[in-house]
Amino acid sequence: MKITPAGEVEPEKLSGVFSAGENENRNRRMVKTVYKALLRGVETEKLGKLVVGTELEWWYHGPPQCQHMMKMLTGESTQKGFKFRPRRIRAVGERVIVEGWEGVGEYWVHVWRLKDGIIAQLREYFNTLLTVVLRVSEDGDEARLWRSTPWARVQGSLPDLVLAI
């Protein structure tokens, strides 16, 4: 997907089979484009139809008044209320983890899951620290894939959750 100079969203032409690395790069680009489109003020209805599946599984942890991304994706809110500026993005398999902050009290993490280049799930964490682990055995062995930025860890007392994938 790309954004034209006129602010229109165009779907990416997909063809062939992708390797794991190519798939991660494609997913990362897709999610980055969502944030760029939101910052540019692209209509969320148009954006949603191109990148979000017919049913989006959504999960949220944080203060009820801070459910900003879901409100933007559904068109309930505009970008004027809150601006997402990603500071760190990492693709891991079919998931893309995005982290950002705007001063004290506005720390967020989004974990997007894509299927065939379409967003199928969003986990939105606001003012919540996150560690993402990969379960590698039935015995409970795991590998840490991602952890909230150390900066966020020193900004006072925030809940700290673990997401096992």
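The following questions and answers concern a predicted model of a protein.

Me: How many helices and strands does the protein have?
Reply: Read along the sequence, the elements follow the pattern β-β-α-α-β-α-β-β-β-β-β-β-α-β. The secondary structure comes to 4 helices and 10 strands.

Me: What share of the residues in the protein is buried?
Reply: The accessible surface comes to about 9,200 Å², and 49% of that belongs to carbon and sulfur atoms. Buried here means under 20% relative accessible area. Of the 165 residues, the buried share is 41%.

Me: Among contacts between residues at least 6 apart in sequence, what percentage join residues at least 24 apart?
Reply: A contact requires heavy atoms within 4.5 Å. Among the contacts between residues at least 6 apart, the part that joins residues at least 24 apart is 55%.

Me: Which strands stand at the edges of the open sheet of 3 strands?
Reply: The order in this sheet is E9-E8-E10, and the pairing is mixed. From one strand to the next the twist averages 30 degrees. Each edge strand has a single partner strand, so one side of each is left without a neighbour in the sheet; these are E9 (142-147) and E10 (160-164).

Me: In which sense do E6 and E7 run, parallel or antiparallel?
Reply: E6 and E7 form a hairpin with 2 residues between them. Trp112 stands opposite Leu122 in E7. Strand E6 (residues 107-115) is joined to E7 by 8 bridges, and the two run antiparallel.

Me: Which residue in E7 stands opposite Tyr60?
Reply: Strand E3, residues 52-61, pairs with E7 in the parallel sense over 6 bridges. E7 (residues 118-126) is mostly covered, with 7 of its 9 residues buried. The residue of E7 opposite Tyr60 is Glu124.

Me: What is the phi of Asp116?
Reply: Asp116 lies in the loop between E6 and E7. Asp116 counts as exposed because its relative accessibility, 68%, is over 50%. Its phi is positive although the residue is not glycine, with a value near 55 degrees.

Me: Is Asn127 buried or exposed?
Reply: Asn127 is found in the loop between E7 and E8. Its phi is positive, near 50 degrees, in a residue other than glycine. The relative accessibility of Asn127 is 16%, which is under 20%, so Asn127 counts as buried.

Me: With which side chain does the side chain of His110 make a polar contact?
Reply: His110 is found in strand E6 and is buried, with a relative accessible area of 0%. Leaving aside neighbours within four places in sequence, its contacts include Met69, Phe84, Val96, Leu122 and Glu124. The polar contact, at 2.6 Å, is with the side chain of Tyr35.

Me: Which element gives the most to the largest nonpolar core?
Reply: This core has 27 residues, of which Tyr35, Met69, Val96, Val98 and Trp112 touch the most other members. Elements supplying at least two residues each include helix H1 (20-40), helix H2 (44-51), helix H3 (68-73), strand E4 (86-92) and strand E5 (95-101). With 6 residues, the element that gives the most is H1.

Me: How many residues are in the second, separate core?
Reply: Among its members are Ile97, Trp101, Tyr107 and Tyr125. In soluble globular proteins, nonpolar side chains tend to be buried together. The residue count of the second core is 13.

Me: What distance separates the C-alpha atoms of Val34 and Leu73?
Reply: Val34 is found in helix H1 and is buried, with a relative accessible area of 1%. Trp112 touches both Val34 and Leu73. Val34 and Leu73 are 39 residues apart along the chain, and their C-alpha atoms are separated by 9.7 Å.

Me: What distance separates the C-alpha atoms of Gly81 and His68?
Reply: Gly81 is found in the loop between H3 and E4. Gly81 is exposed, with a relative accessible area of 67%. Gly81 and His68 are 13 residues apart along the chain, and their C-alpha separation is 8.3 Å.

Notes: Residues numbered from 1 in each chain as written. Predicted model: local features only at pLDDT ≥ 70, side-chain atom pairs only at ≥ 80, totals over all residues. Heavy atoms only, no water. Pairing = 2+ DSSP bridges. Axes fitted to C-alpha atoms, helices over the stretch in contact; angles between N-to-C directions. Buried < 20%, exposed > 50% of the residue type's maximum accessible area, 1.4 Å probe, protein only. Areas by Shrake-Rupley, 256 points an atom, 1.4 Å probe, with all protein chains shown as cover. Polar contact = N/O pair within 3.5 Å; in protein donor to acceptor, adjacent residues only side chain to side chain. Core = buried A, V, L, I, M, F, W, Y, C linked by side-chain atoms within 4.5 Å.
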